[in-house]
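Here's a walk through one model, meant to be read with the structure open beside you.

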Amino acid sequence: MALLVLLIPVTSLAARGIEMGPLTPFLSPGNYGAWTLSADGSAVLLENAAGRGDLTYYYAKPKPDEQGQRDISVDVNLVRAGAQSFAGLLYGYQESPKSYFIFAVQGDRSVGLFERTDAGFRQRFGTQIDRASGNPTRLTIRERGNSIALLVNGREISSFGNDSIGRGAVGIAAGDVG
């Protein structure tokens, strides 16, 4: 099964095709390994026709004066997605040692927070959501210093904090861990 993800920017659209705020310079239509990135009107499409077990992400480095007080949002619509598929926000990306969080809509009608550290990739949190097929789900991460609130369609569903929260690069991510 192919995974097709529509990531709809919350920012305004540019006349040239893909507009995703600070991510725009890093998003060029084309093939990237198992993934194809393209623009479709008001959305960025990420498609993995090659199969499962692959993850892709795009990120922008933060401005130092914004860290700890950012609101990061994206609208996600999973199309032709298996239960192990997911797409959403990349958060707190650090290059060395490589670590990050992914707050994502999953193919099984849930949302989850995943964490990647030196110890591996694991799900920290997950919950079922009401999501009508074909309608996008808005994911938001709201920073409050060294804690974050996780919002789905404007409703806070969880929050947590630690010393790694409130800093690092942010972006979009999609994958299938099946």
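What follows covers confidence, the sheet and its hairpins, the cores, and the salt bridges.

This is a predicted model, where local features need pLDDT of at least 70, side-chain atom pairs count only at pLDDT 80 or more, and totals for chains, interfaces and linings use all residues. Residues are numbered from 1 along each chain as its sequence is written, and side-chain values use heavy atoms, with hydrogens and water left out.

**Confidence**

The chain's mean pLDDT (the predictor's confidence in each residue, from 0 to 100) is 82, and 83% of the residues score at least 70. Strand β12 comes out highest at 95, while β1 (residues 3–8) sits lowest with a mean of 56. Residues 10–16 fall below 50, though this stretch has 13 contacts in the model beyond near neighbours in sequence; a contact means heavy atoms within 4.5 Å. Where pLDDT is low, the predicted coordinates should not be read in detail.

**Sheet and hairpins**

Strands here are DSSP runs of E, at least two residues long, numbered from the N terminus, and two of them pair if DSSP finds at least two bridges between them. Six strands make an open, antiparallel sheet in the order β5-β14-β7-β8-β9-β10. The edges belong to β5 (54–60) and β10, each with a single partner strand, so one side of each has no neighbour in the sheet. From one strand to the next, the twist averages 20°.

Within that order, β8 (residues 99–106) and β9 run antiparallel and share seven bridges, with Ala-104 partnered by Gly-112 in β9. Next along, β9 (residues 110–117) pairs with β10 (residues 120–128) over eight antiparallel bridges. A two-residue hairpin joins β9 to β10, and Thr-117 faces Gly-120.

There's another hairpin between β12 and β13, again with two residues between the strands, and Asn-153 in its turn has a positive phi of about 50°. Six antiparallel bridges hold β12 (residues 147–152) against β13 (residues 155–161), and Ser-147 partners Gly-161.

**Cores**

A nonpolar core is a set of buried Ala, Val, Leu, Ile, Met, Phe, Trp, Tyr and Cys residues joined through side-chain atoms within 4.5 Å. Buried means under 20% relative accessible area, exposed over 50%, and partly exposed in between, using a 1.4 Å probe and protein chains only. The largest core has 32 residues, and Tyr-91, Phe-103, Val-111 and Leu-139 have the most contacts inside it. β6 (residues 71–79) gives the most, with four residues. A second, separate core of nine residues includes Tyr-93, Ala-104, Ala-169 and Ala-173.

Over in β5 you'll find Ala-60, buried at 9% relative accessible area. Leaving aside neighbours within four places in sequence, Ala-60 contacts Pro-22, Leu-23, Phe-26, Ala-169 and Val-170. Pro-22 is 38 residues away along the chain, yet the two C-alpha atoms are separated by 6.1 Å.

**Salt bridges**

The whole structure has six salt bridges, each a side-chain nitrogen of Lys or Arg within 4 Å of a carboxyl oxygen of Asp or Glu. Here are some of them.

| Pair | N to O distance |
|---|---|
| Arg-142 and Asp-71 | 3.0 Å |
| Glu-115 and Arg-124 | 2.9 Å |
| Glu-156 and Arg-144 | 2.9 Å |

Glu-156 in β13 and Arg-144 in β11 are twelve residues apart. Bridges with shared partners tie Glu-115, Arg-122 and Arg-124 into one network.

Methods
Axes fitted to C-alpha atoms, helices over the stretch in contact; angles between N-to-C directions.
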